[in-house]
Amino acid sequence: MVISKATSNSDDFTIHSTFASRYVRASFPRFKMPENSIPKEAAFQIINDELMLDGNPRLNLASFVTTWMEPECDKLIMASINKNYVDMDEYPVTTELQNRCVNMIAHLFNAPLGEAEAAVGVGTVGSSEAIMLAGLAFKRKWQNKRKAEGKPYDKPNIVTGANVQVCWEKFARYFEVELKEVKLREDYLVMDPVKAVEMVDENTICVAAILGSTLNGEFEDVKLLNDLLVEKNKQTGWDTPIHVDAASGGFIAPFLYPELEWDFRLPLVKSINVSGHKYGLVYAGIGWVIWRSKDDLPEELIFHINYLGTDQPTFTLNFSKGSSQVIAQYYQLIRLGFEGYKNVMENCRENMLVLKAGLEKTGRFNIVSKDNGVPLVAFSLKNNSCHDEFEVSDYLRRFGWIVPAYTMPPDAQNVTVLRVVIREDFSRTLAERLVIDIQKVLHELDTLPSKITAKIALNGENADKNVTVVTKKSAIETQREITTVWRKFVMEKKKMNGVC
């Protein structure tokens with residue numbers, strides 16, 4: 001959710017439409033409901049015109065979220081878009097499909113299930129909700145144990161790396177759990193299991209490991225974390241568990257790295273979340289959380305509601321939600337099967353290697369990401385003293401590409417990277433085209449004065465003849481300032497040269 005904000009410019013309080021003018025001649029308010037109805041054609045055209053200014057989802061290389069599905073699945077989504085999933089008695093087949101998905105994913109993650117034993121899990125709106133639910137289960141189990149032992153239970157904490165997604169910070173703040181973060185290093189950009197276990201104390205409800213860091217795609221060493229934590233639990237008498245945030249990597253590791261131990265094969269892994277709308281290959285709006293066993297999900301967190309004539313057990317933060325994404329997930333699981341998912345992930349990895357090789361061939365970049373992990377390429381300029389990664393990102397938008405640039409969390413904030421996520425719809429041709437466009441951007445930047453020279457030139461217009469050279473600040477201090485100064489400089493140069 002984005003906090004809504006109304007602009008202060010009076011001209012922006014009304015909407016004008018060129019194409020819709022045959023239906024509507026007068027403008028109407030932007031932030032208040034219009035007094036009168038308008039023709040459906042006009043409403044469609046007005047909204048369609050505005051949406052044209054959005055970025056192209058296929059060229060949004062910042063996002064892990066699926067942007068393409070087969071037409072057959074699109075039809076299923078539209079056919080079920082009016083179904084409210086919470087009405088389980090009215091839509092029993094949809095409920096059954098969700099249960100099938102939970103069991104398929106649990107088996108994929110090697111849950112220790114008996115022959116006829118049902119898996120414990122639930123579909124969510126995304127991994128953020130899944131993490132909230134898993135975190136609540138850990139907190140309640142820890143509190144119950146502390147109460148039974150007659151010990152204080154008011155200061156729970158959770159140990160993570162500083163590279164966790166913001167949803168973990170939300171969980172900690174919303175549900176009053178201290179977040180203890182393991183700082184990163186420039187040469188180690190994920191959570192160090194040794195340091196994580198050192199931070200564990202009697203109030204730690206769990207250690208959260210990331211299978212696929214959003215910063216550089218790297219898998220954290222869950223096996224080492226498990227082994228170190230087993231030893232610490234023996235020494236202390238605690239039973240600190242592990243949650244694996246496999247939002248990005250949960251639908252990758254089983255197909256590309258089947259021998260990698262990160263899931264329920266490790267005894268301390270009690271729950272796993274995964275985003276169906278990332279490499280689960282479904283449009284945005286579906287996540288999953290799976291528990292190792294019934295014992296790991298406290299019964300008191302499950303609500304039994306009598307809604308529309310039937311008892312419905314539920315453990316979600318949301319009540320009403322759409323059914324279409326659940327159905328789309330089931331479609332993908334049976335349509336592709338293990339073989340199909342494996343082919344998709346292998347193709348993504350191969351295209352990632354093509355892009356990486358193309359970037360290395362330019363001789364201008366250091367590759368920060370790993371070959372083994374989420375198929376993405378995180379890279380930084382070898383020399384950013386003249387032009388930095390933020391400028392490269394900004395200039396790439398001229399070609400339609402959305403490539404994010406960002407600094408790493410503490411204590412690796414001096415590292416600035418660009419990141420390209422390789423999804424199913426990012427082909428080898430697009431990878432090669434992106435490299436060509438990056439080379440064009442680099443060539444253009446090479447012909448322009450450096451950002452420091454630009455700043456001096458701007459300041460020098462109104463300064464004395466004795467120009468003081470500005471000392472270069474750290475990347476995190478200047479990343480936004482430089483972009484603003486550079487834009488102003490370029491616009492001034494354009495005016496002086498008479499360039500349109």
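Author: Helices here are DSSP runs of at least four residues and strands are runs of at least two. Counted that way, the chain has 13 helices and 15 strands. Keep in mind that this is a predicted model.

Reader: What makes a residue count as buried, and what share of the chain is that?

Author: Buried means under 20% relative accessible area. Of the chain's 500 residues, 48% count as buried.

Reader: Why is Thr240 called buried?

Author: Its relative accessible area is 3%. The cut-off is under 20%, so Thr240 is buried. Thr240 sits in the loop between helix 7 (222-236) and strand 7 (242-245). Beyond residues up to four places away in sequence, Thr240 touches Val200, Thr204, Cys206, Val207, Leu229, Asn233 and Leu268.

Reader: How do you know the span of helix 7 is close to what's expected?

Author: Helix 7 has 15 residues, and the expected figure at 1.5 Å a residue is 21 Å. From first C-alpha to last, helix 7 reaches 21 Å, which is close to that value.

Reader: And what makes Asp221 a cap for helix 7?

Author: A side-chain oxygen of Asp221 lies 3.4 Å from the backbone nitrogen of Lys223, at the N-terminal end of helix 7. Just after helix 7, Gly237 takes a positive phi of about 85°.

Reader: Why is Arg292 said to have no salt bridge?

Author: A salt bridge calls for a side-chain nitrogen within 4 Å of a carboxyl oxygen. For the buried Arg292, the nearest side chain of opposite charge is Asp296, at 5.4 Å, so no salt bridge is counted. A polar atom of the Arg292 side chain does lie 2.9 Å from the backbone oxygen of Phe264.

Reader: Where is Arg292, and what is it in contact with?

Author: Arg292 is in the loop between strand 9 (287-291) and strand 10 (303-307). Leaving aside neighbours within four places in sequence, Arg292 is in contact with Pro112, Phe264, Leu266, Pro267, Val269 and Lys270.

Key. Residues are numbered from 1 along each chain as its sequence is written. This is a predicted model: local features need pLDDT of at least 70, side-chain atom pairs count only at pLDDT 80 or more; totals for chains, interfaces and linings use all residues. Side-chain values use heavy atoms; hydrogens and water are left out. Buried means under 20% relative accessible area, exposed over 50%, partly exposed in between (1.4 Å probe, protein chains only). Contact means heavy atoms within 4.5 Å. Lys and Arg count as positive and Asp and Glu as negative; His and the chain ends are not counted. A polar contact is a pair of N or O atoms within 3.5 Å; within protein, one must be able to donate a hydrogen and the other to accept it, and residues adjacent in sequence count only if both atoms are side-chain atoms. The expected span of a helix is 1.5 Å times one less than its number of residues.
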